[in-house]
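Trainee: I would like a close look at one part of this model. Please take it step by step and build up a picture.

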Amino acid sequence: MEDQDKILSDVTQGEYKYGFVTDIETDIIEKGLNEDVIRLISAKKEEPEFMLNFRLEAYRRWLKMKMPNWAYLKVPAIDFQAISYYAAPKNKAKYDSLDEVDPELLETFNKLGIPLEEQKQLAGVAVDAVIDSVSVKTTFKETLAEKGIIFCSFSEAVKEHPELVQKYLGQAVPVADNYFAALNSAVFSDGSFCYIPKGVRCPMELSTYFRINAANTGQFERTLIVADDDSYVSYLEGCTAPMRDENQLHAAVVEIIALDRAEVKYSTVQNWYPGDKNGKGGIYNFVTKRGVCRGVSSKISWTQVETGSAITWKYPSCILMGDNSVGEFNSVAVTNNHQQADTGSKMIHIGKNTKSTIISKGISAGKSDNSYRGLVKILPGAKNSRNFSQCDSLLLNDTCGAHTFPYIEVGNKSSVVEHEATTSKIGEDQIFYCNQRGIDTEMAIGMIVNGYAKEVLNKLPMEFAVEAQKLLQISLEGSVG
Amino acid sequence: MLSIKDLYVSVEGMEILKGINLEVKPGEVHAIMGPNGSGKSTLANVLAGKEEYEVTSGSVLFDGEDLLEKAPEDRAKDGLFLSFQYPVEIPGVPMVNFLKSAVNEHRKHKGEKELTAGEFLKLMREKMDMVDMHPNLTNRSVNEGFSGGEKKKNEIFQMALLEPRLAILDETDSGLDIDALKTVANGVNALRSPERSAIVVTHYQRLLDYIVPDFVHILYKGKIVKTAGKELALELEEKGYDWIKTDN
């Protein structure tokens, strides 16, 4: 309660506070995309051949693909030749200790509220920070290593644990899964890799912070999490970007593999720059996230709070292969001004007695459009499976839109699928009631929206929940009317 | 304290209040009675600052300041409290958080230090006893799943926490059984002081057995048609509203 109140009183500025640019030298390659660029990226990263082949195959397949147009989004044409596919803070690509990291860069992370220094000393969260395309620093590596946990940048994993990368890369999201996943597979520059060995419960939250800094670049990071038998990990992802007038592309891929009885919780607070009030600028967030519950009784849960990006196209999904496996998707998506979001989940039931839950809370304000799109598919062999979906939409005014596109396919008679949906407008009576108790309208909306989204926010780890509540409030400021 | 002069108010183009004059001095309790549709709730809501009510002419001074110019939250923080006829539910927002924010907004306004969680809980427990609120209620979401009586008690509980200088009770007695009515009245009486005033809007006389007013006004067709002491309520009870209607 203390925290909540602090947040509510702390937050008075409605502007995007992460919009600064860090002045560091950047190693950036020429704009444009062709096989040479891909070879160059692979060479810069000193990758083994299997990686180059993976990239080239993805690129060749991508060339034959078309940008998807089924989402409820107006996406301006993207000129893929006008983007630079690799940008890295100059200096050594990796650092042995924090002392070697560019002080400007450390300052950036401090501004973002990620005190790497501090975090290294205090127990808490292990952070892998990815700026532009390169992973800058991973904290807590030694502590984790004692338990046999591997948590490092993707490029490091390629060098040090090629066998694991080769075994699991592309297992949840195949090379040419979709247009943006294929693009990512071809050009991804870095990201995080995490492996939890058999029987290990990861003692701390693992966290990745993504930051786009350089102009005219895209960010294509890739995260791969493998949870071996009987292991557990909770993983957090946060993202911010400077305010720029042009749009920037972010096309990430996250893959999760959960083996027998393993559990992975993946939480995201997405706060990419959403563009200004008139819809100028902002990040195009085209992300593919998928987890495979490959083992029996394994569990993957996605929790996301989406407040940023000009356009969001994202469907964190679970493929429930193992018998008795469980998939969860909990989402709060906020759109304001001219933001557009088409987001939801796919739950594919393959194993017997598999269970999935989808809770989606959309909040629309300004002139934005907010869509839920979800697929629940129960295959004939997935006997006695269950899904429960609840999709709620909250409208803050008359100029925004909320849409729901649920798809349900049930292939056997022993399974049960439930779907509930509601749409409501924020009550002027509720706001007036708060006003009459001395609570101003902005604060009232913050409270009401947080109350509405509580079910999902409660699923987030504590620190993230606090940040998420703050974000909900900020992103809706000035949206009343 | 409160001075209403020749107040005209419309809702969606329809004139509801047609020239209200009312003076409330510190320490006074005024009852406003009248048949349904006479404009009682409109008066309560317009004083609290509800948006859809349009003041077409007249003035309202609260402590010498123009009340109508102020935002609803500022009126509240200046010490004006409305006990809602229909308290609003806010799902997912715990009563405790809601009330702590409200109390601290008031304190900030007065230049007082905000209460910590511990201090607030202590204050809350104290006030809860006063209106016989079940402790469980404060863990629930604002008014969600409260019975009619609980909602009304909750309004008085909030009033006790915020200690307003002018409390407006909009049909707080409607839908209450006699025990709840007494509890509500006790809560209101406990707050009576030479500095605090109240406007009690009610349809029935029975609440006034427990909250004894200094003045009773009868509102009919948007005008105060009769003003007298507490005995007027009894007379009205006896003769019914038809007595007023035939006179006017």
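Trainee: How many helices and how many strands does chain B have? Please go on from there to strand S3 of chain B, and say which residues of that strand are buried.

Mentor: Chain B has nine helices and twelve strands. Both are DSSP runs numbered from the N terminus: helices are H or I with at least four residues, strands are E with at least two. The radius of gyration of chain B, taken over C-alpha atoms, is 18 Å. The globule rule (2.2 Å times the number of residues to the power 0.38) gives close to that value, 18 Å for 248 residues, so chain B is as compact as a globular protein of that length.

A word on the ground rules. This is a predicted model, in which local features need pLDDT of at least 70 and side-chain atom pairs count only at pLDDT 80 or more, while totals for chains, interfaces and linings use all residues. Residues are numbered from 1 along each chain as its sequence is written, chains are lettered from A and ligands numbered from 1 in the order in which they are written, and side-chain values use heavy atoms, with hydrogens and water left out.

Now chain B as a whole. Its C-alpha trace spans about 55 × 40 × 35 Å along the principal axes. Of its 248 residues, 56% are buried. Buried means under 20% relative accessible area, exposed over 50%, and partly exposed in between (1.4 Å probe, protein chains only). The accessible surface of chain B is about 10600 Å², and 47% of this belongs to carbon and sulfur atoms. Such areas come from the Shrake-Rupley method with a 1.4 Å probe; for residues, only the protein chains shown count as cover.

Contacts come next (heavy atoms within 4.5 Å). Take those in chain B between residues at least 6 apart in sequence: 69% join residues at least 24 apart. Chain B has 31 positive and 41 negative charges, and their mean positions are 2 Å apart. Lys and Arg count as positive, Asp and Glu as negative; His and the chain ends are not counted. Each charge is placed at NZ of Lys, CZ of Arg, CG of Asp or CD of Glu.

Now the strand you asked about. S3(B) covers residues 29–33, and five of the five are buried, so the strand is largely enclosed by the rest of the structure. In a regular strand the side chains alternate between the two faces of the sheet. In S3(B) both faces are covered. Val29(B), Ala31(B) and Met33(B) are buried on one side. His30(B) and Ile32(B) are buried on the other.

Which strands pair with S3(B)? One is S10(B), residues 197–202, which runs parallel to S3(B) and is joined to it by five bridges. Two strands pair if DSSP finds at least two bridges between them. Within S10(B), Val200(B) is the bridge partner of Ala31(B). Another is S11(B), residues 215–220, which pairs with S3(B) in the parallel sense over four bridges. There, Ile218(B) is the bridge partner of Met33(B).

Leu208(B) lies in helix H7 of chain B, residues 207–210. With 6% relative accessibility, Leu208(B) is buried. Ile224(B) is 16 residues from Leu208(B) in sequence, and their C-alpha atoms are 18 Å apart in space.

Four strands form an open sheet in the order S2-S1-S4-S5, with antiparallel pairing. Its edge strands are S2(B), residues 14–24, and S5(B), residues 65–66; each pairs on one side only. S5(B) pairs with S4(B), residues 53–62, in the antiparallel sense over two bridges. Phe62(B) stands opposite Glu65(B) in that pairing.

S18(A), residues 340–349, has nine of its ten residues buried. It pairs with S20(A), residues 369–378, in the parallel sense over ten bridges. Thr343(A) stands opposite Tyr372(A) there.
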